[in-house]
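Here are my notes for anyone opening this one for the first time. Keep the structure on screen and go through the points in order.

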Amino acid sequence: MIHYISVILPIPLQKLFTYKITVAEASFLKKGMRVAVEFGKSKIYTALVYRIHTEAPVGYEAKDIYQILDEIPIVNETQITHWEWIANYYMCSLGEVFRAALPSAFLLESETAILLQQGFNDEKSLTNEEFLVFEALQHQPQLSIHQVIQILDKKKVFPIIKQLIEKKVIVVKEQIYEQYKPKLVKYIQLTKEWEAADKLSELLNELGRAKKQRDVILTYFQLKAQKKPIKASELQEQSNGSTAVIKSLIDKHILSYYYIQKDRITFNGKSSEIKELTIHQQKAFEAIESTFKTKQVALLKGVTSSGKTEIYVKLIKQLLENNKQVLFLLPEIALTTQLIERLQHYFGEYLSVFHSKYSMNERVEVWNNVLESKAKAQLILGARSSLFLPFSNLGLIIVDEEHEPSFKQYDPAPRYHARDAAIVLAHQHKAKVILGSATPSIESYYNATQQKYGLVTLDRRYGDVLLPEIELVDIKEKYRKKRMTGHFSDRLLEMISEALNEKEQVILFQNRRGFAPVVECETCGVSPQCPQCDVSLTFHSFRKELRCHYCGYRQTMPHNCGACGSEKLNTKGFGTEQIELELHQLFPDANIGRMDLDTTRGKYGYQKILGQFQAQEIDILVGTQMLSKGLDFANVSLVGIMNADTMLNFPDFRAHERSYQLMVQVAGRAGRANKRGKVAIQTFNPYHQILQQVSTNAYAEMYKEQLDERWQYHYPPFYRIIKITLRHKDFNRVEEGAHWLGKSLTGIFKEQVLGPTTPAISKIRNYYIRHIIVKIPQNQHLELTKKNIIRVKNAFQAIKEFRSIKLNIDVDNY
Ligand code: ADP
Ligand code: ZN
Ligand code: ZN
């Protein structure tokens with residue numbers, strides 16, 4: 001009898017693929033092990049065993065597998081079931097989920113891999129195609145040639161790769177099944193001969209006048225008294241010796257090296273006792289426990305600084321004591337050292353962190369620890385991808401800041417929402433879920449009101465500190481009365497001065513980076529546009545450059561208008577850079593910091609600025625929404641929102657909800673310790689209902705109004721949204737394709753189809769974009785609807801002219 005396996009390949013094709021195996025292989029292989037197989041024209045992929053059987057494939061001859069890569073399964077059954085749900089729900093292939101789920105070190109291919117060269121920062125010198133590769137490498141640790149071909153949409157990519165190597169942008173590595181290498185630490189010990197007791201004086205005699213060597217030995221004995229392994233580096237440092245001195249002791253067979261495998265993420269400190277909950281926190285805690293008796297999900301709506309984290313901590317403790325695994329999910333940006341350290345204090349030896357800033361090897365390590373159910377990986381703190389770890393015994397998932405849009409993955413597929421996928425995962429493990437937020441998403445709050453989730457509220461801040469006092473500053477009025485200096489109203493300036501006089505810190509929020517988003521000719525009204533995207537270029541004054549925030553295009557700021565030659569170029573609008581410059585003039589004695597994408601590029605850029613702010617080396621911190629998450633600064637008494645209107649006017653059905661959340665979260669940074677904070681919101685439209693609701697902390701009112709609108713205009717939670725995006729470099733092609741697709745979908749779904757529409761930014765990186773939205777009412781069969789959409793998609797892709805159009809499907813688009 002011939003044996004076969006069906007495997008998942010990490011590619012966008014829907015089906016499984018069958019390979020031939022020997023009898024011995026058949027008895028060894030198990031579902032969830034990796035094998036290397038050949039696919040396509042002599043390409044080798046890492047595939048995952050899905051099923052072992054004796055059914056020959058239909059339509060092609062099964063090839064032999066290339067190699068078995070694991071001794072035991074590295075993926076468990078529950079995971080695969082979860083992936084299947086994701087693939088099915090978010091309309092992508094199981095292979096795409098497989099690719100997203102595993103750390104890339106587990107997915108090596110026999111192809112050349114390219115990696116980013118550390119230290120390269122001259123993006124300006126890159127051509128378009130080079131930039132695309134460079135940019136892709138910002139999002140993933142390495143690219144195969146194959147991926148480069150996909151990204152650039154052309155076959156001959158070797159010249160570009162060669163250029164990139166010459167420009168020192170990338171390095172190339174031939175990686176054929178490179179095994180994961182644990183990190184080894186070098187320790188040092190006395191050799192057997194000298195190990196026996198009381199040999200110290202003899203040893204020192206032996207060394208005679210070699211003073212430096214004697215110092216090393218004396219230090220060695222000092223360190224040895226601490227009764228723990230002595231690191232070579234530690235010995236060298238403590239004894240002020242050089243490598244050469246130590247080496248001579250090794251050569252004399254007095255000392256010898258040995259190695260211990262070290263886990264990269266170590267914790268050396270004692271765990272502290274958890275905090276005693278206040279009466280209100282205790283009540284919330286008990287309410288969560290009683291919710292869990294009947295419901296799987298509890299929504300914890302607790303105002304900023306109410307101590308939600310302390311409540312999580314108490315729950316986590318209980319679960320760890322019961323030997324359950326816990327997953328603590330956070331948006332990437334909220335995974336700050338501050339929070340990690342705080343949790344490490346409580347759960348040090350049980351906590352592992354998993355996120356994209358960590359290297360491939362570190363991620364493999366966490367994966368393996370979870371796989372082996374090791375104690376040190378019992379609590380995982382991570383961003384959305386930690387959902388894919390091989391949990392076997394999950395008891396609780398906490399989704400903190402559950403309203404955060406960044407829980408949704410936009411690109412590439414799977415375009416999943418980590419909160420929703422977490423609830424499904426928890427269900428499989430019979431685990432519980434807490435969704436925590438000061439400003440819950442409309443969807444989650446709706447689910448709570450429908451009794452689908454339990455609702456627990458916590459309206460008091462810890463220590464009964466009052467929520468900040470929010471003042472709306474009417475800048476239309478201020479401009480009219482000439483009370484503006486630059487972009488600051490007299491009122492905001494007054495508040496900043498007060499705070500600075502009291503030696504308190506200030507946060508200023510402006511959700512736009514650069515100096516000004518638009519440059520405009522005063523004479524003819526023309527603005528410089530990005531040559532590749534349908535947007536105006538942002539002026540960055542520090543480098544006197546115009547930049548595109550969508551594709552990275554840059555050019556030096558021109559002296560004349562490109563259209564009429566006039567020298568009168570003005571800027572319109574403002575970003576963080578301009579605010580920073582104005583502040584330097586307005587408060588020359590204050591230390592001013594800026595936190596946005598431009599100042600936090602390096603690996604530690606973000607932490608550095610936060611560290612300075614924490615140490616009060618910065619008095620006023622200007623920043624984008626990076627400022628709003630997970631930060632807790634005791635000395636901040638004032639938060640200023642420079643301009644609320646751009647957020648509110650964003651063309652998206654969630655814009656109002658988002659603005660509310662963002663402003664409340666930013667405001668929550670004020671006065672967290674023991675003093676009521678102040679918030680000033682500058683706006684042209686102080687009577688806007690959202691601003692009124694923010695200033696009175698009227699979540700319920702905001703919710704009700706938004707819900708009414710969602711009902712009226714057919715949006716979530718009443719309708720599901722599937723968004724289809726078409727992209728092509730040829731305007732007419734995408735136009736035709738979108739038209740065809742829109743018409744076909746309308747044929748089935750009638751008025752539930754919206755579009756094709758041209759998005760506000762209709763072209764990015766030379767690709768013209770069209771959207772089609774399908775709105776699905778709650779009572780409509782979702783499976784069937786998706787099947788129909790896929791049928792139309794397949795028909796679309798069977799048309800020769802449309803085959804080159806890039807088509808994405810995004811379910812529950814956010
Ligand atoms: P949230 O997560 O709701 O924003 P935190 O858990 O960060 O709130 O709490 C805000 C601050 O109050 C933190 O510095 C925290 O240590 C402190 N805190 C909260 N609850 C307690 C408590 N029960 N005992 C002592 N300190 C507390
Ligand atoms: Zn002009
Ligand atoms: Zn651009």
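1. Start with V297, whose bridge partner in β18 is V433. That contact belongs to a parallel pairing between strand β13 (residues 297–302) and strand β18 (residues 432–437), which extends over 5 bridges. Bear in mind throughout that this is a predicted model.

2. Now zoom out to the sheet around that pair. Which strands make it up, and in what order? It is an open sheet of 7 strands, running β15-β16-β14-β17-β18-β13-β19 with parallel pairing. At its edges sit β15 (351–354) and β19 (454–458), each of which pairs on one side only. From one strand to the next, the twist averages 20°.

3. Next, the helices that go with this sheet. Helix α12 (residues 279–294) packs on it and touches β13, β17 (394–400), β18 and β19. The direction of α12 makes about 175° with that of β19. Then there is helix α13 (residues 308–321), which lies across β13, β14 (325–329), β16 (379–382), β17, β18 and β19. Relative to β17, helix α13 runs at about 170°.

4. There is another open sheet to look at, with 6 strands in the order β20-β32-β31-β23-β30-β29 and parallel pairing. Its edge strands are β20 (469–474) and β29 (592–595), and each pairs on one side only. The twist here averages 20° from one strand to the next.

5. Within that sheet, have a look at strand β31 (residues 636–641). Why can we call it largely enclosed by the rest of the structure? Because 6 of its 6 residues are buried. On one pairing, 5 bridges join β31 to strand β23 (residues 505–509), and the two run parallel; here I507 stands opposite V639 in β31. On another, 4 bridges join β31 to strand β32 (residues 678–683), again parallel, with G640 having A680 in β32 as its bridge partner.

6. Moving to the β29 end, this strand and strand β30 (residues 620–623) pair in the parallel sense over 4 bridges. I592 is a handy landmark: its bridge partner in β30 is I620. Helix α19 (residues 490–501) lies across β20, β23, β30, β31 and β32 of this sheet, and runs at about 155° to β32.

7. Now for the metals, beginning with the zinc ion (ligand 2). Its protein donors are the SG atoms of C521, C524, C561 and C564, lying 2.3 Å from it. The 4 donor atoms subtend angles of 105 to 114°, so the arrangement is tetrahedral. Along the sequence, the donor residues are spaced C-x2-C-x36-C-x2-C. C521 lies in strand β24 and C561 in the loop between β27 and β28 (569–572), so this pair ties together parts that are 40 residues apart in sequence. Both C521 and C561 are buried.

8. Which residues coordinate the zinc ion (ligand 3)? They are C530, C533, C548 and C551, each through SG, at 2.2 to 2.3 Å. This site is tetrahedral, with angles of 104 to 113° among its 4 donor atoms. The donors follow the spacing C-x2-C-x14-C-x2-C along the chain. C533 is in the loop between β24 (518–521) and β25 (538–540), while C548 is in the loop between β26 (545–547) and β27 (554–556); the pair, 15 residues apart, links distant parts of the chain. C533 and C548 are both buried.

9. A helix pair is worth a stop too. Helix α26 (residues 731–749) and helix α27 (residues 782–798) pack at an angle of about 145°, their axes 10 Å apart. The crossing of α26 past α27 is right-handed. On the α26 side, the residues involved include W740, L741 and L745, and among those they meet as a group in α27 are I789, V792 and F796.

10. Is Q213 buried or exposed? Buried, because its relative accessible area is 12%, and the cut-off for buried is under 20%. Leaving aside neighbours within four places in sequence, Q213 is in contact with L207, V245, S248, L249 and K252.

How values were computed. Residues numbered from 1 in each chain as written. Chains lettered and ligands numbered in written order. Predicted model: local features only at pLDDT ≥ 70, side-chain atom pairs only at ≥ 80, totals over all residues. Heavy atoms only, no water. Donors = N, O, S within 2.8 Å, 3.2 Å for Na, K, Ca; no water. Tetrahedral: all angles 85-135°; square planar, octahedral: opposite > 155°, others 65-115°. Buried < 20%, exposed > 50% of the residue type's maximum accessible area, 1.4 Å probe, protein only. Pairing = 2+ DSSP bridges. Axes fitted to C-alpha atoms, helices over the stretch in contact; angles between N-to-C directions. Contact = heavy atoms within 4.5 Å. Left-handed = near helix turned anticlockwise from the far one by under 90°.
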